[in-house]
Amino acid sequence: MKLTSSAFTDNNLISSKYAYKNENISPPLSWSNFPENTKTFAIIVDDPDARDWSHWIIFNIPHNITSLSEGISKNESLKNGAIQGINDFKKIGYDGPSPPSGTHRYVFHLYALDTELDLDSFATKQNLLDAIDGHILEETKLTGKFSK
């Protein structure tokens, strides 16, 4: 499975446009080469350099959706059926890089799942990780870096 973004390449810098203190919009993402029996996708974006601080939780992305455009709304549910959970900023939707100092890594984890999840928009990263346990068909990641 492959996850890419037209906004940054793996292990390279994320534009300040996507940062918390700037436009704070989600970058475009697309994926391919996932298992045929995938029912839904889930994405977690976290910062492993800040105690795995979560920046975005989105799940129940239908199997026929293979990309998310830039600037996904911060609504609990999207028109495509996906649901966004609560990040560690205690908000729904994407909140971008905001390192206290230095350069941090922002890891976009994509999970292909064999089920639709019974979670709502109050789901946290841990709720999502618990729910996908035993349902992951494949996973991949894309890492961007950001400096204050």
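The following dialogue examines how terms are applied to this predicted model.

Student: What makes K125 a buried residue?

Tutor: Buried means under 20% relative accessible area. K125 has a relative accessible area of 15%, so K125 is called buried.

Student: Which residues of helix α1 are buried along with K125?

Tutor: Helix α1 spans residues 125-132, and its buried residues are K125, L128 and I132.

Student: How do you know that these residues are on the same side of α1?

Tutor: They cover an arc of only 65° around the axis, and this places them on the same side of α1. Just after α1, G134 adopts a positive phi of about 85°.

Student: Why is the pair D46 and K125 called a salt bridge?

Tutor: The definition asks for a side-chain nitrogen of Lys or Arg within 4 Å of a carboxyl oxygen of Asp or Glu. In the pair D46 and K125 the closest N and O atoms are 2.8 Å apart, so the pair qualifies as a salt bridge.

Student: How many salt bridges does a search of the whole structure find?

Tutor: The search finds four salt bridges. Among them is the pair D49 and R105, with closest N and O atoms 2.7 Å apart. D49 lies in the loop between β4 and β5 and R105 in strand β8, so this pair joins parts that are 56 residues apart in sequence.

Student: Why are D49 and R105 called partly exposed?

Tutor: Buried is under 20% and exposed is over 50%, with partly exposed in between. D49 has a relative accessible area of 33%, and R105 has one of 36%. Both values fall in between, so both residues are partly exposed.

Student: What makes K74 and D95 a salt bridge?

Tutor: Their closest N and O atoms are 3.3 Å apart, and the limit is 4 Å. The pair therefore meets the definition. K74 lies in the loop between β6 (67-68) and β7 (83-84), and D95 in the loop between β7 and β8, so the pair ties together parts that are 21 residues apart in sequence.

Student: Are K74 and D95 buried or partly exposed?

Tutor: K74 is partly exposed, at 38% relative accessibility. D95, in contrast, is buried, with a relative accessible area of 2%.

Student: Which residues line the largest cavity?

Tutor: D95 is one of the lining residues, together with I14, V45, H55, Y94, G96, P97, Y106 and F108. By class, the lining has six nonpolar, two polar and one charged residues. The cavity has a volume of about 30 Å³, and the structure holds one cavity of 30 Å³ or more.

Student: What makes the phi of R51 worth noting?

Tutor: Most residues other than glycine have a negative phi. R51 is not a glycine, and its phi is a positive value near 55°. R51 lies in the loop between β4 and β5, and D52 is found in that loop as well. D52 also has a positive phi, of about 60°, although it is not a glycine.

Student: Why is R51 called exposed, whereas D52 is called partly exposed?

Tutor: Exposed means over 50%. R51 stands at 71% relative accessibility and is therefore exposed.

Student: Why is G144 called buried?

Tutor: G144 has a relative accessible area of 0%, and buried means under 20%, so G144 is buried. G144 is in strand β9 and touches F8, N12, I14, H104, R105 and Y106, not counting residues up to four places away in sequence.

Technical notes: Residues are numbered from 1 along each chain as its sequence is written. This is a predicted model: local features need pLDDT of at least 70, side-chain atom pairs count only at pLDDT 80 or more; totals for chains, interfaces and linings use all residues. Side-chain values use heavy atoms; hydrogens and water are left out. Buried means under 20% relative accessible area, exposed over 50%, partly exposed in between (1.4 Å probe, protein chains only). Helices (H or I, at least four residues) and strands (E, at least two) are DSSP runs, numbered from the N terminus. The arc is that of the directions from the helix axis to the C-beta atoms. On a 1 Å grid over the protein atoms alone, a cavity is a set of points where a 1.4 Å probe fits but cannot get out, and a pocket is an open set with protein on both sides within 12 Å along at least five of seven lines; lining residues have an atom within 4 Å of a point. Grid points are joined across faces, edges and corners, and a volume is the space filled by probe spheres set on the points. Ala, Val, Leu, Ile, Met, Phe, Trp, Tyr, Cys and Pro count as nonpolar, Asp, Glu, Lys and Arg as charged, and the others, Gly among them, as polar. Contact means heavy atoms within 4.5 Å.
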